[in-house]
Amino acid sequence: MPDELLQRLQRFHSDTFPGVQEQFQNLVRDGQHPTILFIGCSDSRLVPYLLTGTGPGELFIVRNVGAFVPPYDGSAGYHGTSAAIEFAVLNLQVSRIVVCGHSHCGGIRALYGEVPPAAKNLAAWLELGREAVLPVLPSAEALRRTEQRAVVLQLERLMNYPMVRQQVDAGRLALHGWHYVIEDGEVHVFDVRSGRFVAATEATHSGTGPYLPPEPGMDSPVFNEIDASYGAKAGGPV
Ligand SMILES: [Zn+2]
């Protein structure tokens, strides 16, 4: 029986790589300088390069179930996502962090049900989205809203990373909350000023708007604005 996966590797080397060889060799010679940290759900239908029209060297990507951000305090144990955030901000000095959830997310749906008893790590991990759950039955509408609320929750948690907050306050880093609707091919971007997700095709910014640097002498407005728009976590506008 042919090994289809091996054949794909061989085809990449013989057919695809020659066309991008120079690009990759430049990236090796000059090193990587991605400007975007993309935190996305692991779902196979979410393809960051397609959505953003990016290619090699442009996205520093970390993916996990639900596109969740663990707490900075280390209470979640060993964590690759936290390590990636620290590396991206401190070493790569990215200027944008995208948190990208999506429609029909199995991780979000699992918050409304049971996970297999053996999936201890999964059960613990899903708690990072617990606050987004609505006190209703998981209708399609409720799931959509929970997916979006979970994205906002992760943005809030990101702001507890000192290096993230510092760069955001200095105006050198923008946070983007995205919800990708798979069947529509539409990314909805979170606008913290309105507390709503806006279809990218109708939006005036990709989510950077809310995270402007504070006026001189003012505290960062970010949290206050999030709280104002997102404060009513059960039944708020998100
Ligand atoms: Zn998902």
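Just after helix 1, Gly31 adopts a positive phi of about 80 degrees; helices (H or I, at least four residues) and strands (E, at least two) are taken here as DSSP runs numbered from the N terminus. The model is a predicted one, in which local features need pLDDT of at least 70 and side-chain atom pairs count only at pLDDT 80 or more, while totals for chains, interfaces and linings use all residues. Residue numbers start from 1 along each chain as its sequence is written.

A residue is called buried if 20 or more other C-beta atoms lie within 10 Å of its own, exposed if 12 or fewer, and partly exposed in between, with C-beta atoms placed from the backbone.

Strand 1 (residues 36-41), by contrast, is mostly covered, since 6 of its 6 residues are buried. The strand belongs to an open sheet of 6 strands in the order 2-1-3-4-5-6, with mixed pairing, where two strands pair if DSSP finds at least two bridges between them. Strand 2 and strand 6 (196-199) stand at the edges with a single partner strand each, so one side of each has no neighbour in the sheet. From one strand to the next the twist averages 25 degrees; axes are lines fitted to C-alpha atoms, for helices over the stretch in contact, and angles run from 0 to 180 degrees between N-to-C directions.

| Partner of strand 1 | Sense | Bridges | A bridge pair |
|---|---|---|---|
| Strand 3 (residues 96-102) | parallel | 5 bridges | Ile36 and Arg96 |

Helix 3 packs on the sheet, touching strand 1 and strand 2, and its direction makes about 165 degrees with that of strand 2. Helix 6 lies across strand 3, strand 4, strand 5 and strand 6, running at about 165 degrees to strand 4.

The largest nonpolar core has 45 residues, and those with the most contacts inside it are Leu37, Ile39, Ile97, Val99 and Cys100; such a core is a set of buried Ala, Val, Leu, Ile, Met, Phe, Trp, Tyr and Cys residues joined through C-beta atoms within 7 Å. Helix 6 supplies the largest share of this core, 6 residues. Leaving aside neighbours within four places in sequence, Val99 is in contact (C-beta atoms, placed from the backbone, within 7 Å) with residues including Ile39, Val151, Leu155 and Trp178.

Ala200 is found in the loop between strand 6 and helix 8 (222-230). With 17 C-beta neighbours inside 10 Å, Ala200 counts as partly exposed. Ala200 and Val189 are 11 residues apart in sequence and 6.2 Å apart in space, C-alpha to C-alpha. Beyond its neighbours within four places in sequence, Ala200 is in contact with Glu186, Val187, His188 and Val189.

Note on methods: Contact = placed C-beta atoms within 7 Å.
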